[in-house]
Amino acid sequence: MKLPVGLGRQILLAMSAITVVAGLIVFFGTYLAYTVMIAFYPRLESDDGGLTLTDLAILGAAILVTLPIAVFVALRLARRILEPLETLALSARRIADGDLSARAEPGDRSLGETAELVDDFNTMAQRLQDMAADMALWNATIAHELRTPLTILKGRLQGMIDGVFEPDERSLRGLVLQVDSLARLVEDLRTVTLADSGHLDLHREDVNLAVVVAELAEFAGPDLAAAGFPVRLDLADVIVRVDATRIRQALLALVTNARRHGAGGAITISLGVSERTVLLGVADHGPGLTPELAARVFDPFVRGDRERSREVGGNGLGLSVVRAIVEAHGGNLRYRPAPGGGALFEIALTTSGSPDRVARRDAASPVRTV
């Protein structure tokens, strides 16, 4: 019979050795116990004391009978242990060769630790496969998003070279807009990628968020009002340690999103504090989100109305950028229907400082329109 290799051989040899040693211990232990009993009770001693050939023959026969049983048990145990491990090793080699669909078979689940190891391996393999699929989809989507402005740029420039289009101010401004779209897409991708890898740099300082919001509303308010989206502010004085530039970027993205998908009417920006949580919200009067869209609205390249988003220059990364910035601050971004209808996106920033580090007025500032 050919011995198994590796772990199987070790189990077989160990079980055989244990059987032989156990037989010797039992046999000689019995003889030693009998000798001790004779020392205390001499009347138990027989005429033929000591080991005889018959005794040794019995010992040998017992070992010969039990040793095959031990070998059989060892082989069965080795097979039960090795089968899932062999499938695990085979699946690992297949994954190393690029086949991410490989999975290991747990085999006999009564071996709890081995079955758990196989389950954990399969979970890891599934996550690797999902990550690879997400990366492929991500790359394909990026290529698709880059193709449109690049195609327009190439066509316009080639047309100018061929004399089809005059390089007048209007044409050049259109080209600049396409370049701006590309630059915005690249910057959004950079922000999301840096945040996912944990390398998004933040320059934190104590900032009065009410001032930041008011400045942004003053800057963007006239254009929004002209488009039918007046900005209403409902702010409390809040001082928190954040990167003001990044928070301003996130807030502008939320306001832009409200303008793109809103149905007209005021965009309300609110700021308040609940215990140690700073809440910065942007609400519109649009149609809101369906439950299906709300579940994945913060994923990259997800759009509510794709045609409308393209008409106003959306690339599907705005809310992903906001989430990346907020999570880099240790907060979270959430959606819920606005009280008056529409969508409400709320940034929740948790401060770990003492109460005097978060300044707030007992009464919120009056609601005002910019």
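The secondary structure of the protein comprises 9 helices and 8 strands, taken as DSSP runs (H or I over at least four residues for helices, E over at least two for strands) numbered from the N terminus. The model is predicted, so that local features require pLDDT of at least 70 and side-chain atom pairs count only at pLDDT 80 or more, whereas totals for chains, interfaces and linings use all residues. Residues are numbered from 1 along each chain as its sequence is written, and side-chain values use heavy atoms, with hydrogens and water left out.

Of the 370 residues, 34% are buried (under 20% relative accessible area; exposed, over 50%; partly exposed, in between; 1.4 Å probe, protein chains only). Contacts are defined by heavy atoms within 4.5 Å; among those between residues at least 6 apart in sequence, 70% join residues at least 24 apart.

The largest nonpolar core contains 44 residues, a core being a set of buried Ala, Val, Leu, Ile, Met, Phe, Trp, Tyr and Cys residues joined through side-chain atoms within 4.5 Å. Helix α5 (residues 209-226) gives the most to this core, with 8 residues. Ile-269, Phe-345 and Ile-347 have the most contacts inside the core. Beyond neighbours within four places in sequence, the contacts of Ile-269 include Val-213, Leu-251, Val-255 and Leu-280. Another core, of 7 residues, lies apart from it and includes Leu-88, Ile-95, Val-118 and Phe-121.

The protein exposes about 22,200 Å², of which carbon and sulfur atoms supply 60% (Shrake-Rupley method, 1.4 Å probe; for residues, only the protein chains shown count as cover). Ile-69, in helix α2 (residues 53-96), counts as exposed because its relative accessibility is 51%.
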